[in-house]
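Welcome! Let's take a friendly tour of one protein chain. Have a look at it first, and then we will go through a few spots together.

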Amino acid sequence: MAFPSALCIFSFLALVQAQSESQQPKIQLRLAGNKRKHYEGRLEVFYNNEWGTICDDDFSILAAHVACRELGFLGAVAWSPSAKFGQGEGRIWLDNVHCTGREKSLAECPSNGIGVSDCRHSEDVGVICNQKRIPGHRFINTMNNNVETLEERVEDIRIRPISSHLKRIPITEGYVEIKERGKWRQICDEEWTPLNNRVVCGMYGFPGEKNYNNKVYKSLSMRKKKNYWGFSVNCTGNEAHLSSCRLGKPLEPKRNGTCGRGLPVVVSCVPGRAFAPSSSTGFRKAYRPEQPLVRLRGGSRIGEGRVEVLKNGVWGTVCDDNWNLRAATIVCRELGFGSAKEALTGAKLGQGMGPVHMNEVECSGFEKSLTDCYFNNDALGCSHEEDAAVRCNIPAMGFQKRIRLSGGRNPHEGRVEVLTEKNGSLVWGTICSENWGMVEAMVVCRQLGLGFASYAFQETWYWAGEASADNVVMSGVRCSGTEMSLPQCLHHGKHISCPKGGGRFAAGVTCSDTAPDLVLNAQLVEQTTYLEDRPMYALQCALEENCLSSTAKKNDHSSYRRLLRFSSQIHNVGLTDFRPKLGYHAWTWHECHRHYHSMEVFTHYDLLSLNGTRVAEGHKASFCLEDTQCDEGIQKRYVCANFGEQGITVGCWDTYRHDIDCQWIDITDVKPGDYIFQVVINPNYDVAESDYSNNVMKCKCRYDGYRIWTYQCHTGGSRSSDTDEYPGMSNQLHFR
């Protein structure tokens, strides 16, 4: 008798489950709002023919996982309360959502009930999903809303070139194909528009699109069997990714495999200047953004950085209020990249210096320059802690396939090995470490996509690389720092010259995602400059440390030296603390001043003629590299007293007062006239920085034999007219 009872109970439970499933509201989700990535945004629900939002009350990461999986992503990374992605409109459909994380839809999670909420749109919830898609995910649309996006249906998208274009780098032209349920399918071009081309080219790193030879593709399509995707695509042209475009009407494939009068979709993209191949010189030797109104600074990888704009001849930053993917994409396209894959806020790529030029930027998405967008001139209340930045889509150049790090303890360090052609075949080999330095290491890390270099090694015997790659295949490497790959640097070519040989003397690097960035306060230098005549008997320690000009050695103790004194305040505006290259054990003790030098040359001080010739010089060893003061809320970490740790914390600055030894230039032998006063921090590139161009500070200077005036002091790269103001000079350092 027990068996029928169990059967009845089972049937009853199944009936209850079926009824509960039938009672679940039919909903659809999307990501909306001020998105900075295509896989994040305000979570919105489509129900009863109306889009609405979800309240953040009781929302959790478990609910975020359910929502992201429902959208076709592997899961959630995080969720955000309080309308982080902007306030939505219309109804608030869900409130007090409680999920276990195992549900297939948010509709299965207990809540107050559809449309029952006491929240405001200031409580709209947002999610950040894992950007990886669920393999084979297929969204079944039960809603007749005509606003479904490809996000729910597509696993991957590619541009497949025809055979004659396979060896072209980058691939700029080919069939647009969509991967659905593990199979690549072509798209029928019946409903395809130029705006769709714009989105596809943008996501592959290209700023524009162009026409192509239709006859070639028409001929190929007639010979090959097609496998069409069942939908058209409807883009506005502003999407960062094709998967964010809306689905168009379903397309019914014909019996013969055609799509009516249409053909497979083909796109032809225009690469930016830095990526465009040239028949005479190969790829351009270095990436140099030539757009005069907008630039990127502080980025560790190609196509990323803090956004800076030029106004009245002075470079300044952009405040992150309202900063979004649309504005970021304008910047990326303007600089020759594709659409933006991320719009960064909160000075994520370091703080700038100088003015904040733009605030509350709003773009339509089709402007040619960020300066064409609407913006608020008044940046009152904005600080450099709110500097906006971008990460752009860049073309696949294959640079990472031709270089590797071998033997290191982790993927970010090791002996540098490059792939080169030798006797008709490709072989791996090492790089001669003679003159190998931080700038070359920076190019290696950039080529590998590993960020900045933190160390450059001229000996790598402790890293056992591949034995088959011991031979030196590249020597005489010298980079400017702007190159995208090592072969773009100057080098000996096929004629290898490496007296030390490879093996233990092969070049090596360590890479890091972040780096410090030192900037001198130019205004303080201008305000504190003065002359002092000081007797030689009070300058013996300075003479011993080579802080005086060479003629001082011939003077007796009763003579005087004329010193140009000033204070320097050096800020670390990067993302990592600035530390000396050498550890305690390698610091040098100076008996006269009775202190250690952690960096023998920390700054160069020069007085230059107007044509750039050095007429007087000085230098400063970092005998006390410490946090003199810090921004509010930041604790000092480095103090020199009692043989303490030396460095400059992010957000802090080290001040060298005008009245300490060697904080001067000896101008005793300088004649009256007009000069350039220059200070260079970290002149030998001993320590890695995210931006070396702002290590230079220059002033105009007039000396009448008795008094000195300094004026128009500014850091390198802060103005548009540096090279015009100072003939023969540039912002690049040359003390290597």
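Our first stop is Gly113, which sits in the loop between strand S5 (92-94) and strand S6 (126-129). Keep in mind as you explore that this is a predicted model.

**A glycine in a loop**
- Is Gly113 buried, exposed or something in between? Its relative accessible area is 23%, so Gly113 counts as partly exposed, given that buried means under 20% and exposed means over 50%.
- Gly113 and Trp93 are 20 residues apart along the sequence, while their C-alpha atoms are 8.1 Å apart in space.

- Helix H6 spans residues 438-448 and is mostly covered, with 10 of its 11 residues buried.
- Among the buried residues of H6 are Met438, Val439, Glu440 and Leu448.
- What covers them? The cover includes strand S23 (403-407), strand S24 (413-422), strand S26 (452-457) and strand S28 (508-512).

**Disulfides**
- How many disulfides does a search of the whole structure find? It finds 14.
- One of them joins Cys319 to Cys382, with an S to S distance of 2.0 Å. The torsion about this S-S bond is about -80°, so the disulfide of Cys319 and Cys382 is left-handed.
- Cys319 lies in the loop between strand S18 (314-318) and helix H5 (325-334), and Cys382 in the loop between strand S21 (374-376) and strand S22 (389-392), so this pair ties together parts 63 residues apart in sequence.
- Cys319 counts as buried at 1% relative accessibility, and Cys382 counts as buried at 14%.
- Cys547 and Cys662 also form a disulfide, with their sulfur atoms 2.0 Å apart. The link of Cys547 and Cys662 is right-handed, with 90° about the S-S bond.
- This pair links distant parts of the chain, as Cys547 and Cys662 are 115 residues apart. Cys547 and Cys662 are both buried.
- In the disulfide of Cys630 and Cys652, the sulfur atoms are 2.0 Å apart. With 100° about the S-S bond, the link of Cys630 and Cys652 is right-handed.
- Cys630 is in strand S37 (residues 629-630) and Cys652 in strand S38, so the pair ties together parts 22 residues apart in sequence. Both cysteines, Cys630 and Cys652, are buried.

**A cysteine without a partner**
- Cys701 is in no disulfide, and the nearest cysteine sulfur, that of Cys699, is 7.8 Å away.
- Cys701 counts as buried, at 1% relative accessibility.

Conventions:
Residues are numbered from 1 along each chain as its sequence is written. This is a predicted model: local features need pLDDT of at least 70, side-chain atom pairs count only at pLDDT 80 or more; totals for chains, interfaces and linings use all residues. Side-chain values use heavy atoms; hydrogens and water are left out. Helices (H or I, at least four residues) and strands (E, at least two) are DSSP runs, numbered from the N terminus. Buried means under 20% relative accessible area, exposed over 50%, partly exposed in between (1.4 Å probe, protein chains only). Contact means heavy atoms within 4.5 Å. A disulfide is a pair of cysteine sulfur atoms within 2.5 Å.
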